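Look at the structure below and follow its aromatic rings. This report describes where they sit and what surrounds them.

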Amino acid sequence: MQDYTNDAVKAIMADYTPIQVKTLMHDHDEKNFVHHQTTKEIVDFYAEHNEDIHHWLLDDENAFEYYYQAMGAYNLAQAKCTSEKERFQVQNAYLKDVVYIFIATIAYDLAASHDMLDMSMEDVENYQLAKELQHAKTKLTVIDGGKK
C-alpha cells in the first residue's frame, strides 16, 4: 500500500484492527463503526479531518456516488426543516453518513491492500494475532534493552 499523507486515512488505519476492517467489509451496520459511535466522536473526527474526507470522497470513483447521494439527500432534507433543531439533527445525520462512507471506503482499501478481501474471518483473526504477537515481542526487546 502506498504511503498516504492524508491524516484522516492515517487516523482510520490507526484506529481499526484487521478484524474490524473485515467486519465492515461484510456488514456496514452502525455498530461496526466502533470508534465513531457517538455524535461527539463523529463530529470531532469530521471537524479535524473534513477537508481530507471530502477530497478523498470526491476523488474515489466508487465512494463518490454514495457521497453525492448523501449530499443530495441532505440538501433536500435541509430545505424541509422548519426549525434550527431540525437543521442541527439533519446536519448531524449527514456528517455521520459522510464519515461512515469515508471509513467504509478506507476499510475496503485496507482490506484490498492487505489481501484480506478473500480471507476468511478466521484467517484475518490469525493475521491480527500474528501482528499483535510480533508487536509484543518488539516491545519486550525494547524494554529489555535490545538483548536477544
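The sections below cover ring pairs, the nonpolar core and a surface patch.

## Aromatic pairs

The model is predicted. A search of the whole structure turns up five aromatic pairs. One of them joins phenylalanine 45 and phenylalanine 102. Phenylalanine 45 belongs to helix H3 (residues 39–59), and phenylalanine 102 belongs to helix H5 (residues 84–113). The pair therefore ties together parts that are 57 residues apart in sequence.

Are these two residues buried or exposed? Phenylalanine 45 has 8% relative accessibility, so it counts as buried. Phenylalanine 102 has a relative accessible area of 0%, and it is buried too.

Tryptophan 56 has a relative accessible area of 16%. Buried means under 20%, so tryptophan 56 is buried. Taken together, ring pairs link Phe45, Trp56 and Phe102 into a cluster.

## The nonpolar core

In soluble globular proteins, nonpolar side chains tend to be buried together. In this model, the largest nonpolar core has 36 residues. Which of them touch the most other members? They are Phe45, Ile53, Leu57, Val99, Phe102 and Ile103. Two or more residues of this core come from each of helix H1 (7–15), helix H2 (18–26), H3, helix H4 (61–80) and H5. H5 gives the most, with 14 residues.

Isoleucine 53 shows the packing up close. Leave aside its neighbours within four places in sequence. Isoleucine 53 is then in contact with Ala8, Phe45, Tyr46, Val98, Val99 and Phe102.

Where does phenylalanine 64 sit? Its place is in helix H4. Phenylalanine 64 has 31% relative accessibility, so it counts as partly exposed. Phenylalanine 102, by contrast, is buried at 0%.

Key. Residues numbered from 1 in each chain as written. Predicted model: local features only at pLDDT ≥ 70, side-chain atom pairs only at ≥ 80, totals over all residues. Heavy atoms only, no water. Phe/Tyr/Trp six-rings, centres within 6.5 Å; stacked < 30°, edge-to-face > 60°. Helix = DSSP H or I, 4+ residues; strand = E, 2+ residues; numbered from the N terminus. Buried < 20%, exposed > 50% of the residue type's maximum accessible area, 1.4 Å probe, protein only. Core = buried A, V, L, I, M, F, W, Y, C linked by side-chain atoms within 4.5 Å. Contact = heavy atoms within 4.5 Å.
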